Amino acid sequence: MSVSLADYRAAVRAPGAAVPVLASAVGRLPIAMFGLATLLYVQRETGSFAMAGLVSAGSLAGVSVGSVIQGRVMDRVGPTRPLLLVAGVFALAVAGLVLAIEAGHPLAVLVPAAVAAGLSMPAMPGASRALWADLVPPGPRRDAAYSYEAISLEVFFILGPALAAFLVTAPWPGTGAVAAAAAMVAGSVGFALSAPVRAQRPAPQDPEAPRTGLLGALARPGMRTVALASLGFGLVVGAVEVGVPAVTAAAGSAALGGVLLSAWSVTSVLAGVLYGMRPWPRPLHLRMPVLLAGFGALVVTMALTGPTGSLLVLLLAMLAAGALITPQVTAHSMAVDLVAPTGTATEAFGWVVTAATLGLAAGQSIAGVVVEAAGPPAAFVAGGAAGLVLAGVLWVRRRTLAEAPPAPALATA
C-alpha cells in the first residue's frame, strides 16, 4: 500500500502523539551511534581497530538480546515500568564501561562491560512503533505512521554513526559514547512518562496460540525471513560504518567520515519518501531480496576508491547505495504487521532490531579485521558480498512472506 504526504502529517499530528514522538526521537537517535562511538573511543585509546571492533560488537550483541527480552516484557506489562528500570541500569552500565576504558583494562573486562551496557539499552524502537496502534486507526494513516517509524529509525541508524564520527574528534574521544547514552536515558524516561504511554495497556494474547518457548514471535517462519533481511541490512551498513572512517582517516581527515555518512543519510531519506509513494517491487516477498541484493552490489562498488582512497568515487557510490536504505527498513516494518502474531508487536519488532544490531556487530567486527589486513576498500567488498549472499537466502525463503496469513495464531513450523 502506498501512502501520501498528507497521511504522514495526519499521523504525527494525531492527538497525544507530540510528546512521545519527540521523546522517542531523542531516545532512538543514538541506537546505532553508541556502538560506533564506543568502537572509535576504544580505537583511539588502544590504537587497534580489531580490539575496538570486538568491544563494539559486545555492546551490539547485548542490545540484540536485551531488545527481545524487553519487548516481550512490555507486551505483557506495558512499557512504562520496564523502560524506567532499564534506563537507570543502562546509565550505571555505561559509567562502568567508560571507567574500564579509561583505566586501560584488557578485552576480558571491556567486552563483558560492553555486553552489560547493550543488554540494558532501552528498547525504544519496538515500544515506539507499538504505540501507534493506540494513536491512529488502521488504514493509510497507520501505514504512514509505521513508515515514519521505519524512515526515522533508518535516519538514526545512519545519522547516529555520523555524529559519532564527528564527536570522536573532540578533546576527549569518549564524548560520543557518553552523549549517546545521555540522549537514550533522557528520551526513554520522557517517552515512558508521557500520557499516551502511561495509559497503554498490555496487548491481548491469543489463548489458543501454541506455546513456542524462547523463540516467541520468531517461531513463525515469516518472522525468521524478516529477521534475516534485517540481519543482511545490518551486515552491510556495519561494514560501511567502519570502512568509510578508515578511508577518510587514511586520507588525513577522520571527521570527513561523518560528513560522508551524513550525505548518504540525506539521500536515503529523500529516496525513502519517494519510494513509499511508488514502491517496487510491490509484493513484499519480492521487494526484500531485490532491495538487499541491489544494496550489497552498490556497496561493493564503493571499493573502487582503491588503495589511494578516491573520496569523490566513494561519495558517488555512497549516494547511490544510500537510496536503497530506507526502502529496506520500511519493508521490514511493514512485514512485521503481516507475519507477527497478535499480542507480540513489541517483541516482533524487537527481533527485527535484534537482527539488524547483530548484523551491525558482525559487519563492524569483520570490517575492522579486514581493514587492518587488506586496507579500507576491502571492508566494502566484505560487507557487500555478505548482503548479496543473504539476498539469495531471502529469495529462497520468499514464500514464507507471500503465503503468510494475517491470522493471530502462531505457526509451529
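**Reading buried residues and a helix pair**

Q: Where does Q70 sit?
A: Q70 belongs to helix 4, residues 49–77. Helices here are DSSP runs (H or I, at least four residues), numbered from the N terminus. The model is predicted: local features need pLDDT of at least 70, side-chain atom pairs count only at pLDDT 80 or more, and totals for chains, interfaces and linings use all residues. Residues are numbered from 1 along each chain as its sequence is written, and side-chain values use heavy atoms, with hydrogens and water left out.

Q: Is Q70 buried or exposed?
A: Start with the cut-offs: buried means under 20% relative accessible area, exposed over 50%, partly exposed in between (1.4 Å probe, protein chains only). Q70 has a relative accessible area of 7%, so Q70 is buried.

Q: What does the side chain of Q70 reach?
A: A polar contact is a pair of N or O atoms within 3.5 Å; within protein, one must be able to donate a hydrogen and the other to accept it, and residues adjacent in sequence count only if both atoms are side-chain atoms. Here the Q70 side chain reaches the backbone oxygen of M121 at 3.0 Å.

Q: Which residues is Q70 in contact with, leaving aside its neighbours within four places in sequence?
A: Contact means heavy atoms within 4.5 Å. On that basis, Q70 is in contact with V86, L119, S120, M121, P122 and A123.

Q: How do helix 16 and helix 17 cross?
A: Two packed helices are described by the angle between their axes and the distance between the axes. Axes are lines fitted to C-alpha atoms, for helices over the stretch in contact, and angles run from 0 to 180 degrees between N-to-C directions. The axes of helix 16 (residues 345–374) and helix 17 (residues 377–396) come within 8 Å and cross at roughly 140°.

Q: Which residues meet where helix 16 packs on helix 17?
A: From helix 16 come I366, A367, V370, V371 and A374; from helix 17 come A378, A379 and A382. The contact divides into eight nonpolar residues, no polar and no charged. Ala, Val, Leu, Ile, Met, Phe, Trp, Tyr, Cys and Pro count as nonpolar, Asp, Glu, Lys and Arg as charged, and the others, Gly among them, as polar.

Q: Is Q364 buried or exposed?
A: Q364 lies in helix 16. Its relative accessible area is 1%, so Q364 is buried. Its contacts beyond four places in sequence include G35, L60 and E241.

How values were computed. Helix = DSSP H or I, 4+ residues; strand = E, 2+ residues; numbered from the N terminus.
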